[in-house]
Amino acid sequence: MSNDEKVTPEAPEIVETPIEETIEEPETESSLILAGELLPPTLPILPIRPRPFFPGIHIPMQVPENEIPMVELTLDSSHRTLGLILPRDLEAEDSIENLHTVGVAAKILKAFKDDDGGAHILIGCLERFTIQEFTEAEEGIYARVEYHLAPSVELSEEIKAYSMAVISALKDLMKASPLQSEAIKMFLSRSSLDDPGRLADFAASLTTADGQELQEILAELDLVQRIDKTLLLLQKELEVSKLQQKITKQIEEKMSKQQREFFLREQLKAIKQELGLEKEGKTAEIEKFLDRLRTLKLNDEARKAVEDELQKLQILEPSSPEYNVTHSYLDWLTILPWGKSSKDHYNLNRARRILDRDHYGLQDVKDRILEFIAVGKMKGDIAGSILCLVGPPGVGKTSVGMSIADALGRKFYRFSLGGMRDEAEIKGHRRTYIGAMPGKFVQALKTAGTDNPVIMLDEIDKIGASFRGDPASALLEVLDPEQNPSFRDHYLDVPFDLSNVLFVTTANQLDTIPGPLLDRMEVIRLSGYILEEKVEIARRYLIPKALKQHGLEKGQVLIRKPALVRIIDGYAREAGVRNLEKMIRKIMRRAALTFSTGSESKLIVNARQIEEYLGKPVFTDEDLLESNPGIVTGLAWTSLGGATLQIEATAVGSKQKGFKQTGQLGNVMVESSEIAYSYVMGNLEELGGPDDYFDKHFVHLHVPAGATPKDGPSAGITMATALISMMQGKPIRKKLGMTGELTLTGRVLPIGGVKEKVIAARRAGLETLIFPEANRKDVEELPDYLREGMTFHFARDYHQVRRWAFSG
């Protein structure tokens, strides 16, 4: 018999379709007892799943079609008795090896066929048996068995106690499980303590234990042991029933509480409506919108749109999809700050105090912001202004924007444009779309609650474009003072005046900002910090902030000034202070660990301990003081701030000339190197080199840090100087750096990023710098503390560069 065709007990509705024409009536209880004495020694075996049956139980069961022949043969026999056995593995195929050796003999009392070809039988279970020998036949499995008839038992005190315990457990189970109460009542009313074996079998059959546990009880022939195991199963059943009752009670209590709250809420709502304390939902919403409108100063078009939508809302049913769309639209229109402005503060002394409180250094940036506020004071407003703060990461662009808002007394709202590719983020979605929302600017005005906040657009240089539109083009309307007084969001579809908003944008570089967009902004550069500024920033801002973040008291961790210098020089040479802040936080974490162990209560960090806390330095002292032939230090600008580059040139004897550049140079820088090479070749006699030098040498020019892309024209004079130094075998003067674009005729053209390059030169320890003459004004505008201790030369042509580079 396959696994798909299992004999399972059931309680079907019996259909009067007899297997054979004549069915004997079931025997009486007395005749069954006599038949028990005459049970056949060999029984046809019928595997049953998923539980075994116990003696004394009458139960209906279904027989699959392939087992009907064996049932019919049994019905034709004089004894009409089957052997019912539980398989060892319920999922495995039926076989002799898979059957338990203890089962129960059952007499077929009635048999019926159903319309599906299967059969239903009603059986009465008689006695236990043990298999002596299996036999396989064509119609199924047979077995020679030994019966274990229920013996007459002398009721000892122990057995009486066990029987009473079983009856008590059954009564408890009857209370806990109403489904089984009728069967238990009937059994207890018809039985007594005289048959403890039958009592144990009945009790075990009532439990929901798995088949293998029940099989152990069926196979247990010792009466006391059988009752003991039955009591254990009954106890488990009681625990399960109690847990089920507890879960049911919790669910009922929860449902009752929810229903009670619902009814009370409905009653309260009805009472309030009767007393006039609360209006119907739609009426209340309309009155809410009208209350908002009384304090707003909408323009004519917006007011007409609100009135039209209110009329529409009054005739719409709340269940209508259009109701929710109209409600959301009115909610946005009436929650915006139409005509609500915060009062601007034009107190320059207060503004200076706030800027000095929040930032150290950046004097030129602060002066520019104060000039901006002063103009607003004279003019009466600062409408139409868009500032762009440009600088390396970590120099304080975002915090400067927050300080501007604080100085003016305005609300501040920031969102990032980095990676934004959808035009709808700027101008909103049209209301025809499901889930439509206004754009970021309308959301900012709602959050700020005024129509003149400071809105910061972070990372404007990293805005993108896709098939959804170009956000940069959408920003043109927002950031144009001539257009933003009537800015029209796609969702609102009415004009809103953005001219009172102060827009502050941030960027790391200007190259990636579209020209028309950049043209609308006033650029303020934040170039970065020198070592002395970083030390003060760490002392005033970063260390107190890190102490607070790590739960440490003021003065509990003391970092000496030489230690700060060591951290900045060896681990945080970038233009900003983010890495410096990370290093300080790392020291604070170590301090917190030390304090947590209770070994110390105060920590003083000296310069010699820095490697212990932070590991080996990331940056080592570049040997810029020693110069070798063919090596020249140049100055460069990157989006991360200024940097120094040591350009190297070398020549290899060769029968034919050649020129090679390495160092991952961009197209402009490659062209600069070729211009320098051509200039030096064309002026060999004037530069003091042999006429045939380049005809007999292959020249290789390299810019170190080959993994970093480099580009730009400002290294022209540096490359030419490296080639001349290589050719003459003469190093340039010590502590010298230079920058400038070179032409084929030797003219030196201006470059950008002067401040960043000077900061990088100070960081590297250079003392003499060569700049183009056209950049003299940029250098003279630098703060005195940047120029202090440095010598500047300004060259119109390369002859001057050569004279200063090789003098001394």
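The legends below describe close-up views of a predicted model.

**Figure 1. Overview of the protein.** The protein has 808 residues, and 46% of them count as buried. Its secondary structure comes to 28 helices and 25 strands. Among contacts with a separation of 6 or more, 74% are between residues 24 or more positions apart.

**Figure 2. Helix H2 and what covers it.** Helix H2 runs over residues 68–76, and its buried residues are Ile68, Met70, Val71, Thr74 and Leu75. Seen down the axis of H2, these buried residues fall within an arc of 160°, so they line one face of the helix. The cover over them includes strands S2 (42–47), S3 (58–63) and S4 (81–85). Strands S5 (102–113), S6 (119–137) and S7 (140–148) are also included in that cover.

Figure 3. Pro50 is found in the loop between S2 and S3. The peptide bond that joins Arg49 and Pro50 is cis, with omega about 0°. Arg80 is found in the loop between H2 and S4. Its phi is near 50°, a positive value in a residue other than glycine. Most residues other than glycine have a negative phi, and most peptide bonds are trans. Arg80 has a relative accessible area of 6%. Buried means under 20%, so Arg80 is buried.

**Figure 4. Ala150, a loop residue.** Ala150 lies in the loop between S7 and helix H3 (157–176). With a relative accessible area of 60%, Ala150 is exposed. Ala150 and Leu221 are 71 residues apart in sequence, and their C-alpha atoms are 9.4 Å apart in space.

**Figure 5. The packing of helices H11 and H13.** Helix H11 (residues 348–358) and helix H13 (residues 397–408) pack with their axes 9 Å apart, at an angle of about 150°. Angles over 145 degrees count as roughly antiparallel, and H11 and H13 are therefore roughly antiparallel to each other. Their crossing is right-handed. H11 contributes Arg350, Ala351, Ile354, Leu355, Arg357 and Asp358 to the contact, while H13 contributes Ser403, Asp406 and Ala407. By class, the residues of this contact divide into four nonpolar, one polar and four charged.

Figure 6. Gly391 is placed in the loop between strand S8 (386–390) and H13. At 5% relative accessibility, Gly391 counts as buried. Leaving aside neighbours within four places in sequence, Gly391 is in contact with Lys397, Ala507, Asn508 and Leu526. Gly391 and Leu510 are 119 residues apart along the chain, and 9.4 Å separates their C-alpha atoms.

**Figure 7. Glu459, a residue with a positive phi.** Glu459 lies in the loop between strand S10 (454–458) and helix H16 (471–478). The phi of Glu459 is near 55°, which is positive in a residue other than glycine. At 26% relative accessibility, Glu459 counts as partly exposed.

**Figure 8. The crossing of helices H18 and H20.** The axes of helix H18 (residues 531–549) and helix H20 (residues 578–596) come within 10 Å and cross at roughly 45°. H18 and H20 are therefore oblique to each other, and their crossing is right-handed. On H18, the residues that meet H20 are Lys534, Ala538, Leu542, Ile543, Lys545, Ala546, Leu547 and Gln549. On H20, they are Leu580, Glu581, Ile584, Arg585 and Met588. By class, this contact has eight nonpolar, one polar and four charged residues.

Technical notes
Residues are numbered from 1 along each chain as its sequence is written. This is a predicted model: local features need pLDDT of at least 70, side-chain atom pairs count only at pLDDT 80 or more; totals for chains, interfaces and linings use all residues. Side-chain values use heavy atoms; hydrogens and water are left out. Axes are lines fitted to C-alpha atoms, for helices over the stretch in contact, and angles run from 0 to 180 degrees between N-to-C directions. Helices (H or I, at least four residues) and strands (E, at least two) are DSSP runs, numbered from the N terminus. Angles under 35 degrees count as roughly parallel, over 145 as roughly antiparallel, 65 to 115 as roughly perpendicular and the rest as oblique. A crossing is left-handed if the near helix is turned anticlockwise from the far one by less than a right angle, and right-handed if clockwise. Contact means heavy atoms within 4.5 Å. Ala, Val, Leu, Ile, Met, Phe, Trp, Tyr, Cys and Pro count as nonpolar, Asp, Glu, Lys and Arg as charged, and the others, Gly among them, as polar. Buried means under 20% relative accessible area, exposed over 50%, partly exposed in between (1.4 Å probe, protein chains only). The arc is that of the directions from the helix axis to the C-beta atoms.
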